[in-house]
Amino acid sequence: MVDMLEVYLNFKNEAADAIAFYETVFDVKNEGIMTFADAPEDPEHPTPEAWKDLIINASMTIEGVPVMISDVPDGMGLTLIEGNNVSLVISTDDEVKIDRIFNRLAEGGKISMPLGETFWSKKYGMVVDKFGINWMLNYSEES
């Protein structure tokens with residue numbers, strides 16, 4: 001994996017509409033859409049029926065920049081308000097680097113999700129830095 005900076009956009013149950021809109025504005029196509037129904041089922045935290053058709057992750061490239069998009073339904077644990085719906089994403093295959101960056105961003109900030117394993121990543125976490133910027137950090141071993 002090449003180290004990269006990406007953009008992540010969250011929407012209140014409007015991700016599909018936003019994707020369709022951005023496809024026409026920027027003359028691009030989405031590069032894949034995963035709904036909540038497509039994600040592995042967690043028996044301890046089943047996916048609510050109302051979420052199944054919402055987008056858990058989609059991606060597209062706008063003007064050369066990777067952009068990921070998702071819905072944030074009520075009850076997900078993140079309160080979506082205008083201003084916190086954009087995050088910068090650091091992706092790398094360097095575990096030491098991801099730990100260092102996460103810990104530095106957390107200094108004076110607030111950890112939204114501690115670094116930990118997810119179904120898509122060996123280590124993933126979210127932090128709001130001391131300036132109010134949302135960051136997502138993603139470590140995946142190179143395959």
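**Sheet, salt bridges and rings in a predicted model**

Lys123 has 16% relative accessibility, so Lys123 counts as buried; the cut-offs are under 20% for buried, over 50% for exposed and partly exposed in between, with a 1.4 Å probe and protein chains only. A note on the source: this is a predicted model, where local features need pLDDT of at least 70, side-chain atom pairs count only at pLDDT 80 or more, and totals for chains, interfaces and linings use all residues. Residues are numbered from 1 along each chain as its sequence is written, and side-chain values use heavy atoms, with hydrogens and water left out.

Back to Lys123. Its partner in a salt bridge is Glu95, with the closest N and O atoms 2.9 Å apart. A salt bridge here is a side-chain nitrogen of Lys or Arg within 4 Å of a carboxyl oxygen of Asp or Glu. The pair links distant parts of the chain: Lys123 sits in strand β7, Glu95 in helix α2 (residues 95-106), 28 residues apart. Helices (H or I, at least four residues) and strands (E, at least two) are DSSP runs, numbered from the N terminus. Glu95 is partly exposed, at 34%.

How many salt bridges does the whole structure hold? A search finds 4. One of them joins Lys12 and Asp74, at 2.2 Å, N to O. Lys12 lies in the loop between β1 (4-11) and α1, and Asp74 in the loop between β4 (65-71) and β5 (86-92), so the pair ties together parts 62 residues apart in sequence.

Now the sheet. It is open, with 8 strands in the order β2-β3-β4-β1-β5-β8-β7-β6 and mixed pairing. Two strands pair if DSSP finds at least two bridges between them. β2 (33-35) and β6 (110-116) are the edge strands, each pairing on one side only. β6 runs antiparallel to β7 (residues 123-128), joined by 4 bridges. Gly116 stands opposite Tyr124 in β7.

Phe119 and Trp120 have centres 5.1 Å apart and planes at 85°, so they are edge-to-face. Trp120 and Tyr124 are also edge-to-face, at 5.0 Å and 70°. Tyr124 is buried, at 8%, whereas Trp120 is partly exposed, at 44%. Elsewhere, Phe11, Phe21, Tyr22 and Phe26 are linked into a cluster by ring pairs.

How values were computed: Rings of Phe, Tyr and Trp (its six-membered ring) pair if their centres lie within 6.5 Å; planes under 30 degrees apart count as stacked, over 60 as edge-to-face and the rest as tilted.
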